[in-house]
Each structure stands twice: as C-alpha cells, then as structure tokens.
Amino acid sequence: MEPDVSIESGCMIRIAVLPIGPIPQPQLRDYVSLLVRHCKIELSAISSFYTEHQKSPFSHQPWDTGSLQFKFMVGGGPPSPWEDFQSERKILAVIGLCHCPSSPDLDLVADQFSAACKGYASSLVQRCFAFCPSDSQQEDGGKRGDQIILFPPADQQTQEFHLLTMMQDIAASLLMEFEKWVLRAESAGTIVKTPLDSQASLSSEEVIKAKKRRLGRAQKTIGDYCLLAGSPVDANAHYSTAIELARLTGDVFWHAGALEGSVCALLIDRVGNKDPVLEEEVRYRYYNVIQLYRRSFIQDNVQRVSTVSFELEATLKLARFLCRSGLAKEVVELLMGAADGAKSLIDASDRLILYIEIARLFGTLGYQRKAAFFSRQVAQLYLQQDNCLAAISAMQVLAMTTKAYHVQSRGTNSKSNCFHNELGSSHSDGGKMHPQSIVKLFESQWSTLQMVVLREILLSSIRARDPLAAWSAAARLLRSYYPLITPAGQSGLASALANSAERLPSGTRCADPALPFIRLHSFPTHPSQMDIVKRNPGKEEWWTGTAPSGPFIYTPFSKGDPADSSKQELIWIVGEPVQVLVELANPCGFDLIVDSIYLSIHSGNFDAFPISVSLPPNSAKVISLSGIPTSVGPVKIPGCTVHCFGVITEHLFRDVDNLLLGAAQGLVLSDPFRCCGSAKHRSVSIPSISVVPPLPLLVSHVVGGDGAAVLYEGEIRDLWISLANAGSVPVEQAHISLSGKNQDSVISVAYETLKSALPLKPGAEVTLPVTLKAWQLSLADADHAVSKSIPGSMGRVSKDGSSPMLVIHYAGPLVHPGGTQTNDPPVPPGRRLVIPLHVCVLQGLSLVKARLLSMEIPAHVSETLPKPVYVDGSFTEEVPSSGNETDSLVKIDPYRGSWGLRLLELELSNPTDVVFEISVSVQLESKKNENGLKLSDRDAADFGYRKTRIDRDYSARVLIPMEHFKLPILDGSFFAKDAQIDEGFGSKNLNSAEKNTKAELNASIKNLISRIKVRWQSGRSSSGELNIKDAIQAALQTSIMDILLPDPLTFGFRLAKNGIESVNIASSEEPNMRTGLSDESSAGCNYEINPRSKGSILSHEMTPLEVLVRNNTNELIRMTLSITCRDVAGENCVEGIKATVLWAGVLNGIHLEVPPLQEITHSFSLYFLVPGEYTLLGAAVIDDTNDILRARARTDSPDEPIFCRGPPFHVRVIGTP
C-alpha cells in the first residue's frame, strides 16, 4: 500500500528528487520548496520544447486545457513490484540537486548523479540542477550538455523563472518518451508481470491463459500512459478495451485495475465539474472495483501474495472522494470496513499506512476521537520497532492525538481553553454536544484513556531520546491525574522528571507546568502609612472625595457604575516593594522542593524576587512573592514562573481557576487545594495594576516609644510624633485631620509646625507635639477589662480601637522631575498617613454621687443703695467691699430677694493604687461699667481653693461653689410634656421666641460649666481634669423646678424715708434681664453681701417702708397680700398682747392686681419698741389660678389655693442715742 492515494493519483508522474553531494539542510529545503511549486505543467506551455518525431498516439491530446502533473519523491524510493500493474507507481524521471559551493568538482557531481540514476531503471528523463555555481564552474558546466543544468546566482524571481523553464523542458521530454513507449507497445506488444504472475505454475494451461490475457493487460498499461500524458479521452478508450478483454479472459485483477483507471480518466476529463450524476457514476464503478479486488483475493488466496491491499486501497480512494461531498455516514462505513480488513494484511508497513490513511480521513470528517484512536494504532506499530527513528515517529503521531484527548501540550496550543468548556464542548461521534450527565459519566472513563495516551507519549519520548518531550509528558500526567496514580507511581513520575531534567541544559523552559498548583490568594493592603489617594489639583482640599481602602482606588461602598465594580484598580509606585500572596499546593505523596518561584510579569517594568519553597506531602502553603516596579506603565500578572524538577515553567492563575471551577462542577477529578486541607477560597480577580512615578513616603514614630500611653481618666499629656520622609521626592502639600473615636480627646496639634517644614525633602524629619486628654470610660469598659483579664487593672479599662487617629494627607510635586513633558501629563496621586494615638485609659477618680446644696442668707433692709456692677450686660449688684474673691460666688437672688449660695457636692472615690490631689478653680468674669469698660483690676481669671487629698481606696467630698440664677419669666412652655434639660426643653409645638429662650438658657448653663474646673494631680508628671458636666446635669435634674424656674411672685422691702425711695432690692430693668438658662448650672444677677450696712433703723421712731411685689408671669395675677414682722425667736411681734412693733397702714388682707411682668408698691410704717434683729416676711394667696401656677405649685386641684411666700428680710434696729 501507498500513503496519500486518491482516485486522481493515476495521472501523477513520479519524479525522484535526489541530493547530489553535500548540501546544507537550509539550502536543500529552499531548493525543494522552489521545485515543488511546479507540480503542474500546462501542455500549452511546453509546445516550444516539444518535437513530434512521428504521428502521436495521443490523438485526443488536450493541448489547450490539459496538463502534466508531477509528484516529487524527495529522496526517491524503492521500485514497486506492482509498477507494471499500475504505471503511476514507476519513477519516470530523476532530478538531482547540487549545491555548487559545497561540491566544487562538477565531474564528481556528474558521476554521482549517474550512479544515483542507475537505481531507477524505469526513469525516462534525468536532470541535475546545480545551484550557485562559480564562474569557473559555469565554464565547465557548459561543456557537459544537458545532463547538468547550472543555475547562476540571481534574484528569487529569476531563479523561479529559470526553474520553470527547466521543468517545462522535462515535461516535454517525458511526453515524447511516453509517445515512444506507446507506439512501441502498440506495434510490438509488451510483456507485463505482477507478483501474482511470478507465483503461477508453469503448466501449459496457465501459459495459454497468460497469452490470452496479454493483450488486455497491454491495453490497460497503454491507458495508464495516456493518463500520465494528460490525455484522458485516449486513456478511457484503451481502458474500455482492456475491460472487455479482461472480462472475456476472466482476468479479474486486471479487470479491476482497468476499471479503476477508467474512473480516474473520467474524473480528469471532467475536472471541476460537480455533477451529481458523475458522482453517482464514480461511486457505482468504484464499488465494482472493490468487489473485483475482493474476488481476485478469493481466487488467488492460495497464492502467498495477497491482493487485499489493493481492495483496501480502493476503499480508501472511494472514501476520500466521498469526503468531498460530505457523505460522512458512508465514509465511516467504508473506513470501518477497511479497518476490519487490516487483519488480512501480512505486511506491517501496509497496516501502518492503512491506519494512517484512516486516521487522516476521520480527521477530515471532524471525528477527532476516531482519528486519535487510529493514530494510536499507528504509534503502536511504530513502537513495535526497536529503533530511535520509529520512536520519534510514534512520539510525533501521539502528539497529534493530544488535542482530541484534551491532553495537548500548552506549547502547541497557545489558546488553552477552560477544563469545563473543553469537556462541555466535546463532541460525540455524531457531532452533538454531550448533556451534562453524560459528561460526568464519561469523565471517569475518559481520564483513564488520557492517562494511557500520556504514558505512551512518555514511553515514546524516552525511547526517542527527547528529554524535553518526556519531561512535558510526565508533567502533564502528574499534574492532571495525580488522584488516579498511586504514591509509588507519583514518585516514579517525579524520578522521570528529574532524570529528564538531567539530560537538559540548565535553564531549559517548558510550556507545560508540573507541580505545585498555584493560585492567587490576595493582594495585601498597604499599611496605614502607605495608603494612596487620588489627587484633584483643582481643589484646595485635593484629597476630598477619596476614601482609600488599602492600595485599592475602588471600594465597593463608593458610588459608581455597577458594571465596573468587578474590575478593581491597584496602584504601585516606582521603587517601592510590593507583595502578592499566592497559595501553593502539593497533593502528591512526596516532598516537593521548589528551587525558585517568582511573579511572572512580561511588561518589562517590574523586577521580581525569587524565593525557594519546600512543600511536604499533601500540604498547602501561602507565601508572599515580592518585587519592585521599575518604570511607569501598566503591569499584568498572569501567573508565576517556577523552577522545579530542573526545568523552568510558567504557572498561569487562569488555568488553576478553571481547574477549581471544573472541580466545583464535578467535571474534573478533584480540587488539589481541598485535598491538601486548604480552606475554601473564593476566586480573586486580578485588578488593573498601574505603576505611577515615585511618591513621597512619610514614616512616623512616637518619640519615646510606640507603645500605648497609659493615662487615667481626664489626664492630660503631651506626645511628640516624629515624621520622616523616606521617599525619593519631597513632600510639598500636607494636611492634618482627626479620625476615629474620642476625637475630642485631642486638645491641640501643632499644624503650623508641619506646614512650616514644607517642602519636606527626602531624608528630612519634623516633630509634631500633640496634647491629649484621656476620655471618660463607659460602663461597658468594665466588662472589657474582665474579658481581657488585664493584669493590674482596678476597674474599667478603655477598649481596643477607641483611640483617636491623626490623618495626614500629603503629596509630592505635580510633575515628576524625571518624567517626560507631555501636553496633559497625569497627576501623580497623593498619600494618606494614619497615625493611631495609642492610649490606654484606666479608671481614675470615680464619681459616687453628686448633689446640689443651697443656702439662703436673709438680706438687710438698709438705706445704702447698691452700686451698679455690670456683668455681661445683666443684673446690677453690689460691689464687694472685701477683697476676698470668694465673696463674688455668693449672689443675691433677684427673684427671691435673699442672698443665695449654691454648692455642688461631689463624692469621689479613688479605686486606683495611686494618690490624687484635687483642686477646684473658678474662672471669674471681668466686670464692666455701663460704657463697656472693665472695673476690676484683671480680666477673667482662675481662683483656686485648697487641695483635697484622696488616698488609695478612700473617698472624699469636694464642694464646688456655683452661681445662683433663675429664669426671668415663668412661662407655660417650660412645663411641656417630656421636657428634658439635655434637649433644651425641646418641643415641636414651641414658637420661635420660646425656642430662642431655651437656646439662651442652654448656652448660659454651658458657660457656667466651662468656668468651673476640677483638676487632679498624681505624682510629679501625672495630672488631669475631672469631667463634672454630667454631675452638674444630674444635680440640676433632681431639683429643676426649684432651681431653674422663678417664683410667680417676687417680694422685696425698701425704706421710704423723707420721700426718697430706696433701690428696690429685688427689682431690675427687664430689658437687661438675662434669660439664657442651662440644664447644668444656676446663674442669676449678682448682688453681693454688705454685712455692715450704713444707717440702721432706730427704735422708737416711725419708719416708713414699702413692699414691692413683682409678677414674673405673662398673665395678670390677683392676690391677697399680707406682711408679717418676726423677732429673733421667730414670734410674730406685730400681733398679740406681747407685740413689740407698732404699725401704720394695712398689713393683712390687701387685695392687689399685678400686671404681667410688672411690679406694684404697697406702703406702710413700723414703730419698733425694742432694739434688736427683726425679720420682714411677705406672703400672698393667689386668686383665680391658672395651669401655669398650678404646675409651678405642683398641684392639680383647681380649687386648692396657691400660697406664695417671700424670703425673710433682716431689719437691724438700734436704740436711740
């Protein structure tokens, strides 16, 4: 059998192409490539070379449309014993190729060519083409005639034209020789023999039969030469005669040959005509040919020479012809029948050719698995031969089957498909996609077959002495099918990898990775000192609108197009090391040593650092691979480069992701990472990485140590933070802000210090002072201290993460100094430095209880008028005559008319193991006159009291004086439902004026709290401040009605001597009245005590007095007023038999009406009989009470009278002189 045969093969002239003398392989390849271009020579082109010596036997030669077809046999071939039966098997011409620079002696070339031609007795034309001759060789070559044809050095086009001319000459020569042979055969006849004839007996009957058959066989042979000469009409005429003669003589074998030749002549005559009738005729005739060859085999089966190869060859020719029409079903039946006939072939080479042709035809149909199956049969036949060339052939054939079995090398398939896509798109014999269930069922059986194929490739590669192919096959086998291989087999494959690597040069690369399995784990986030933020040069706050999350510009919480959310952006900086975490897995039963592994980046702007890793059996490990970007531009990380088992391979992350996806769908054998005990890992997408120019890099540390500072509650301490520029460009812009919890604990930050140090050059350093105040711990911190089991903690400790943070946004120059100048250069990003101010707050002084204490001192009725002292434009008061500043804290209550003192009592406990000293200071307000000028000697100052010492595990009480104040107006809005001090008595139903009143009240209370400081000190360096805001609020909450709200009526007494009215003790100008109140303190107008009043009242004189009654509400009040005078014993000294005071006027049952926010005066006179201390009291019963008055009196009954009593006023009566 012969390979690559078709029905049209009968018209091809075989030409042996032989290299003459030494020829380098590149030159020989070029010469052959020039030659094979001229495999078809038109008859119209050879007319100039053709000479008709006598009348041509080819009477129907198509000179205008016909052609001669050549089949070049490079290296020649042995003569066939069947060349008389099929003339196209003869080698009819010999062409020698000579490279003149390698063969300077042309005589020797001529002798070598003549000797080579002697092996081809059937050749009719011989030519030797000598390329690139020298000048001397051209002179010698001209003397040798036509045997050696010189091709002088010339351009490509000239060489091709010269060669075409020579091939036309050869074609004309062959045509003339064919004419001679046919004329000779027709006149004298010819004797043709086959191996079947040589085996025939010499009986007389066989000799007679042979003589009868000679004429028919001669006609068949003449038809063959007519086909070779390009005259299919003449060939068909001779074939028809041969068919009739063979049928008459019973020459079945030659009958089949003649019928086969007639089909070829029919196709050549109608070349290019796709006629269904023609195709049906060809099919019918060739089925007859196959039947005739089969009959000849049955008749001659007693002979030792079998003709079954011709039957199978005819089957293959018909199958190839039907492939053109797409008749797949019929072709498959023919090919499977031919495969069954392979058992009848005696010669192994015939079976080899048969399987090769069957595999080719199945491949043409697209039946890749059937083609792969027969290709494996070819490889098995090659492997049966014990030589290196056969092993190489087997290896090459098996390599062609790897695509069908999905075990192809990545080097031969650059576009590697996903595992699940490959299996899902696998086609059955009918070309249909498998359902998913069939794929899963098929997979278990398919894997075993794939292993067998890879094992055969490995065996053939070892026998072919190709260590790289052997390494690749072993790597694919171990990587893809380790679950099906025993530990001993896995170790054997590892040994095969190592042995193959020993025969390879150092640094050899292979496209197929072995172990380990590598997947992308994560991209570590930048530390807080290296966060990157986008930069907006058009805004002063260039960092606004950016919220960096590690190194990523994108965060899933940011606004944007959801379609772009799957692609993240990662920024790397030139010259700064970066890290990528990958996970390695070794699912095999041997120790795996990776000599080196590093990131595989082909962009050329990244230097990767290799590391070595050792993986125990069945283990996984997460490692960090690092490198340094070297230039600006995009970076892509497809995978890792691994040096393992002596060969360098590239492991792609995409391949492992596809493998894991297939494992999740049950389409591949197993998950190597799950086999090694690794946790389930979600797929990590590789972000879009870009490298930007160098940026500044601030590195911070706390002077004195980066450990957490231990502070007690309220303790104030200074920290010094050092900032150093570790980058290669200066810091030109910087901004400091606060973040995190307890931001108010940062009292001050030296912003100007950093700004004054700009630009901060590389290597420069600046120190920033930061003042901290420890915050107040919550009750939840006690549970935290217990759960953390903090040693030595006595109570509550601050939670982790509760410390504030300094956030510094900084950036370098807008244009990189070393960058290229473009029209619109990209703006380098900035950075964000987050500095946690690590503070561990311990419980300090514990507030046990807080309460508000009050004390009233009766006022004196005197002739001395209070001098005005303006405090924030508010009430008038008496200037203190004493220099003691503590007197200023005792104020007269303008709404009660008495001197009042409010004290905040704090009960403090010391649960710590240190001693605290408590000091109270009050910030006094500066005093101004009516023109706004200060009357006191100093501005607002702090006045301190004596310190209070609290030992460890002890308690103490601290009294804090507070200014007393009242609201100016008793209004219904203050009794709104659910009114709370902390919310400023807020209510949705309040009008704007009432809301303004409450806002002023809240501001007033906050102002009072801010002026009272309770500080502590422990040791020499530990000091702080006690937070008393909550304590004052709690104290005010308990007595809100009594402290904040004024009485409905205010009573005051004054002397009316000689018709001159004294200043009303309890009155003031309403427009000047302060109405701002707070929930945390009480403050009012300031009337200071004058213990020694001038002009005391004399006894035995009628003293005119006036009582002033003020209405503190917004409604008219009708009342019944009564006045009482009591002695030092508290007895009524006006009524009774023992009365010591006489009066003039009305003291009881006085009916009055007081307009809203106005006051009235009632006059009377007293005559004191006995010197001493007396007390005047004013009281009233309010008629027609309203809701406001009942709410102030805490009564709900509309019939119950409301009684108001004023504070006592002292009267000093002295005897007459």
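This is a predicted model: local features need pLDDT of at least 70, side-chain atom pairs count only at pLDDT 80 or more; totals for chains, interfaces and linings use all residues.
Residues are numbered from 1 along each chain as its sequence is written, and side-chain values use heavy atoms, with hydrogens and water left out.

**Overall make-up**

- The protein has 26 helices and 49 strands. Both are DSSP runs numbered from the N terminus: helices are H or I with at least four residues, strands are E with at least two.
- Of its 1217 residues, 49% count as buried. Buried means under 20% relative accessible area, exposed means over 50%, and partly exposed lies in between (1.4 Å probe, protein chains only).
- Take the contacts with a separation of 6 or more: 78% of them join residues 24 or more positions apart. Contact means heavy atoms within 4.5 Å.

**Nonpolar cores**

- A nonpolar core is a set of buried Ala, Val, Leu, Ile, Met, Phe, Trp, Tyr and Cys residues joined through side-chain atoms within 4.5 Å.
- The largest nonpolar core holds 180 residues, and Phe129 and Trp572 touch the most other members.
- Helix H4 (residues 156–188) gives the most to this core, with 13 residues.
- Leaving out residues up to four places away in sequence, Trp572 touches Phe523, Val578, Val580, Phe606, Pro629, Val635, Ile637, Ile689, Ser690, Val691 and Val692.
- A second, separate core has 34 residues, including Cys1125, Leu1147, Phe1168 and Cys1204.
- In soluble globular proteins, nonpolar side chains tend to be buried together.

**Helix pairs: terms**

- Axes are lines fitted to C-alpha atoms, for helices over the stretch in contact; angles run from 0 to 180 degrees between N-to-C directions.
- Angles under 35 degrees count as roughly parallel, over 145 as roughly antiparallel, 65 to 115 as roughly perpendicular and the rest as oblique.
- A crossing is left-handed if the near helix is turned anticlockwise from the far one by less than a right angle, and right-handed if clockwise.
- Ala, Val, Leu, Ile, Met, Phe, Trp, Tyr, Cys and Pro count as nonpolar; Asp, Glu, Lys and Arg count as charged; the others, Gly among them, count as polar.

**H7 with H8**

- The axes of helix H7 (residues 232–249) and helix H8 (residues 252–269) come within 8 Å and cross at roughly 160°. H7 and H8 are therefore roughly antiparallel.
- Their crossing is left-handed.
- Among the residues that meet are Tyr239 and Ile243 of H7 and Trp254 and Leu259 of H8. The contact has 12 nonpolar, 4 polar and 2 charged residues.

**H12 with H13**

- Helix H12 (residues 348–365) packs against helix H13 (residues 368–383) at about 160°, with the axes 8 Å apart. That makes H12 roughly antiparallel to H13.
- H12 passes H13 in a left-handed crossing.
- The contact includes Tyr355 and Phe362 of H12 and Phe374 and Leu381 of H13. By class, the contact residues are 12 nonpolar, 4 polar and 2 charged.

**H17 with H18**

- Helix H17 (residues 467–481) and helix H18 (residues 487–502) have axes that come within 9 Å and cross at roughly 155°. H17 and H18 are therefore roughly antiparallel to each other.
- This crossing of H17 and H18 is left-handed.
- Pro467, Ala470, Trp471, Ala474, Ala475, Leu477 and Leu478 in H17 meet Gln490, Leu493, Leu497, Ser500 and Ala501 in H18. These divide into 10 nonpolar, 2 polar and no charged residues.

**Tyr712**

- Tyr712 sits in strand S21 (residues 709–712). Tyr712 is buried, at 15% relative accessible area.
- Gln843 is 131 residues from Tyr712 in sequence, but their C-alpha atoms are 5.7 Å apart.
- Beyond its neighbours within four places in sequence, Tyr712 contacts residues including Ala774, Gln843, Asp913, Phe916 and Trp1016.

**Backbone features**

- The Leu515 to Pro516 peptide bond is cis, with omega near 0°. Pro516 lies in the loop between strand S7 (509–510) and strand S8 (517–522).
- Another cis peptide bond joins Leu758 and Pro759, with omega about -5°. Pro759 is in the loop between helix H21 (751–757) and strand S25 (765–773).
- Arg465, a residue other than glycine, has a positive phi near 60°. Arg465 is in the loop between helix H16 (436–463) and H17, and counts as exposed at 70% relative accessibility.
- Leu1157 also has a positive phi, near 55°. Leu1157 lies between strand S45 (1150–1154) and strand S46 (1159–1168), in a loop, and is partly exposed at 21% relative accessibility.
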